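Below is a short briefing on one protein chain. Look at the sequence and the structure first, then read the points by topic.

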Amino acid sequence: MDLDTYFRFLIALVFVLALIGLLAWLARRYGFGGGAVARGAGKSRRLAIVEVTALDAKRRLVLVRRDDVEHLVVLGAGSDLLVESGIPAPPAPSAEGGASFRDSLAASGGEAGA
């Protein structure tokens, strides 16, 4: 085999990997896959992972939101533990970018600082 054959093989390999990456990006961008089929066309997601924090090498603290209610769960290698349930989810920020802490405090009648 000469150098030309190896070069053509390398170019073909790069082209195929680029096509796979492009198709994976398009699938994520436009929601192809199991999640989109299970959820339906016009329905919004009801379940979301809000935040994950590693406690140690084997345990994670996970905040899960379901229908505007949050649940705090510790996930471990051998067991799972529900720490707190029924936490009301914070209100979603408005389309204007959301109010700052100072604005929300002033609206409630409190002082924002000196």
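In which strand does Glu70 lie? Glu70 lies in strand β3. The model shown here is predicted, and the protein has a mean pLDDT of 79, with 72% of its residues at 70 or more. The points below go from the whole chain to single residues.

**Overall layout**

- The protein has three helices and four strands, and from the N terminus these elements follow the order α-α-β-β-β-β-α.
- Of the 114 residues in the protein, 9% are buried.
- Among contacts with a separation of 6 or more, 4% are between residues 24 or more positions apart.
- The accessible surface of the protein is about 9,800 Å², and carbon and sulfur atoms account for 62% of that surface.

**Confidence by element**

- Helix α1, residues 3–29, has the highest mean pLDDT among the elements, at 94.
- Helix α2, residues 34–39, has the lowest mean pLDDT, at 50.

- The side chains of Glu70 and Arg65 are joined by a polar contact of 2.7 Å.
- Glu70 touches several residues beyond four places away in sequence, including Val50, Leu63, Val64 and Arg65. Ser85, Gly86, Ile87, Ala89 and Pro90 are also among the residues that Glu70 touches.
- His71 also lies in strand β3, which covers residues 69–75.
- The relative accessible area of His71 is 15%, so His71 is buried.
- The side chain of His71 makes a polar contact of 2.9 Å with the side chain of Ser85.
- Leaving aside residues up to four places away in sequence, His71 touches Val62, Leu63, Val64, Arg66, Leu82, Glu84, Ser85 and Gly86.

**Strand β1: Val50**

- Val50 is part of strand β1, residues 47–54.
- Is Val50 buried or partly exposed? Val50 is partly exposed, because its relative accessibility is 36%.
- Val50 touches Leu63, Arg65 and Glu70, not counting residues up to four places away in sequence.
- The C-alpha atoms of Val50 and Val62 are 7.7 Å apart in space, while the two residues are twelve apart in sequence.

- Most residues other than glycine have a negative phi.
- Asp67 is not a glycine, yet its phi is positive, at about 50°.
- Asp67 sits in the loop between β2, residues 60–66, and β3.
- With a relative accessibility of 35%, Asp67 counts as partly exposed.
- Asp68 is in the loop between β2 and β3 as well, and has a positive phi of about 65° although it is not a glycine.
- Asp68 is exposed, because its relative accessible area is 60% and the exposed class begins over 50%.

**Aromatic rings**

- How many aromatic pairs does the structure hold? The structure holds zero aromatic pairs.
- Arg29 lies over the face of Tyr30, at 5.6 Å from the ring centre.

Notes: Residues numbered from 1 in each chain as written. Predicted model: local features only at pLDDT ≥ 70, side-chain atom pairs only at ≥ 80, totals over all residues. Heavy atoms only, no water. Helix = DSSP H or I, 4+ residues; strand = E, 2+ residues; numbered from the N terminus. Buried < 20%, exposed > 50% of the residue type's maximum accessible area, 1.4 Å probe, protein only. Polar contact = N/O pair within 3.5 Å; in protein donor to acceptor, adjacent residues only side chain to side chain. Contact = heavy atoms within 4.5 Å. Areas by Shrake-Rupley, 256 points an atom, 1.4 Å probe, with all protein chains shown as cover. Phe/Tyr/Trp six-rings, centres within 6.5 Å; stacked < 30°, edge-to-face > 60°. Lys NZ or Arg CZ within 6 Å of the ring centre and 35° of its normal. pLDDT = per-residue confidence, 0-100.
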